[in-house]
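Okay, thanks for coming, everyone. Let me put the structure up on the screen and then walk you through it.

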2 protein chains.
Amino acid sequence: MKIGELARRSGCSIQTIRYYEKLKLLPIPSRSEGNFRLYDIKIFEQLKFIKRCKDLDLTLDEIRKLLSIKSEPNQECDDVNRLIERHLERVEFKIAEFRQLRAQLISLRQACSENNKAVDCGILKQLTKDS
Amino acid sequence: MKIGELARRSGCSIQTIRYYEKLKLLPIPSRSEGNFRLYDIKIFEQLKFIKRCKDLDLTLDEIRKLLSIKSEPNQECDDVNRLIERHLERVEFKIAEFRQLRAQLISLRQACSENNKAVDCGILKQLTKDS
DNA sequence: TCTTGACTCTATAGTTACTATAGAGTTTAA
DNA sequence: TTAAACTCTATAGTAACTATAGAGTCAAGA
Ligand SMILES: [Zn+2]
Ligand SMILES: [Zn+2]
Ligand SMILES: [Zn+2]
Ligand SMILES: [Zn+2]
């Protein structure tokens with residue numbers, strides 16, 4: 001299959017696929033006579049793997065690590081478990097951070113409910129003054 | 001005050017301050033005889049304003065908008081209110097997204113509690129299979 | 001057969017919000 | 001005087017793409 005079909009079927013854009021190839025997250029595909037990339041099912045599946053990881057917000061470096069472990073079936077998998085654990089911690093941290101942010105934004109929003117001149121805007125005042 | 005002191009007092013790095021100047025988020029400061037940037041209290045306060053906005057995760061473009069409104073005291077402030085409202089919505093969306101992510105990661109973690117060979121790793125299996 | 005449109009190619013630049021570095025000049029304190 | 005600390009400009013790097021230009025390839029219809 002050519003790159004356009006791979007893109008459609010994987011949910012990644014064409015440029016992203018070429019980008020992954022450059023980063024060696026995907027193997028170099030064969031080429032047609034006219035120099036078009038030709039993909040087989042194995043590459044399609046690897047790309048789907050990457051996509052699933054991306055949807056979990058893993059970084060490409062983390063994904064590279066997973067791919068490398070996956071490619072050596074006899075390696076121990078505790079690195080995988082640790083990686084997911086650490087990633088989960090980061091996600092929880094972000095949730096906490098954004099909750100704080102939300103609280104601050106809600107209080108900020110309250111500072112100016114009606115329509116004012118800029119000079120009287122409660123929000124701008126709040127952002128200007130030392131907390 | 002020179003850039004180092006401004007950096008210490010504002011909590012922004014020196015490079016960041018120069019970067020903001022280039023983006024015109026900060027006015028061009030005067031210079032000493034030896035060509036060092038010299039800042040007055042007004043610029044310090046503008047930088048603090050920017051810093052407070054950044055801490056709320058506003059983008060530099062959003063901050064630029066706020067600064068422009070702030071600089072015209074007679075303009076209506078409803079753009080400010082809308083901007084904060086939209087930003088809050090984005091933050092809430094991110095919270096929801098990350099919560100979903102967390103749930104998925106927790107279920108993924110469960111798939112491999114003990115130590116296995118890579119080929120038997122429940123996490124890798126989960127990431128490999130179609131959901 | 002010709003041509004049109006859809007597809008693909010490479011290489012390069014742009015995005016966001018910085019951080020890091022090199023290599024130079026300036027200031028301050030011992 | 002000299003060394004440390006500071007500042008200057010310009011440039012490149014970061015993450016993970018997206019967008020573009022300008023060229024070549026391929027399939028179908030007239
Ligand atoms: Zn992670
Ligand atoms: Zn207002
Ligand atoms: Zn926003
Ligand atoms: Zn495992």
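Predicted model: local features only at pLDDT ≥ 70, side-chain atom pairs only at ≥ 80, totals over all residues.

Residues are numbered from 1 along each chain as its sequence is written, chains are lettered from A and ligands numbered from 1 in the order in which they are written, and side-chain values use heavy atoms, with hydrogens and water left out.

Let's start with helix α1 of chain A, residues 3-10. Its buried residues (under 20% relative accessible area, with exposed being over 50% and partly exposed in between, using a 1.4 Å probe and protein chains only) are I3(A), L6(A), A7(A) and S10(A). Look down the axis of α1(A) and those residues fall within an arc of 100°, so they line one face of the helix. That arc, by the way, is taken from the directions from the helix axis to the C-beta atoms. Just past the end of α1(A) comes G11(A), with a positive phi of about 85°.

Now, what do the buried residues of α1(A) pack against? They pack against α2 (14-22), β2 (37-38) and α3 (41-55) of chain A. Contact here means heavy atoms within 4.5 Å.

On to the metals. Donors are N, O and S atoms within 2.8 Å of the metal (3.2 Å for Na, K and Ca), and since water is not among the atoms, sites may look incomplete. The zinc ion that is ligand 1 is held by two OE atoms of E62(A) and by ND1 of H87(A), at 2.0 to 2.6 Å. E62(A) sits in helix α4 (residues 60-70) and H87(A) in helix α5 (residues 78-110), so the pair ties together parts of chain A that are 25 residues apart in sequence. E62(A) is buried at 19%, and H87(A) is buried at 1%.

Ligand 4, also a zinc ion, takes donors from both chains: C77(A) (SG), N81(A) (OD1), C112(B) (SG) and C121(B) (SG), 2.2 to 2.5 Å away. C77(A) is buried at 0%, and N81(A) is buried at 15%.

Last, the two chains together. The contact takes 51 residues from chain B and 51 residues from chain A. And 100% of the interface residues of chain B are also interface residues in chain A, so the copies meet through the same surface.

Key. Helix = DSSP H or I, 4+ residues; strand = E, 2+ residues; numbered from the N terminus.
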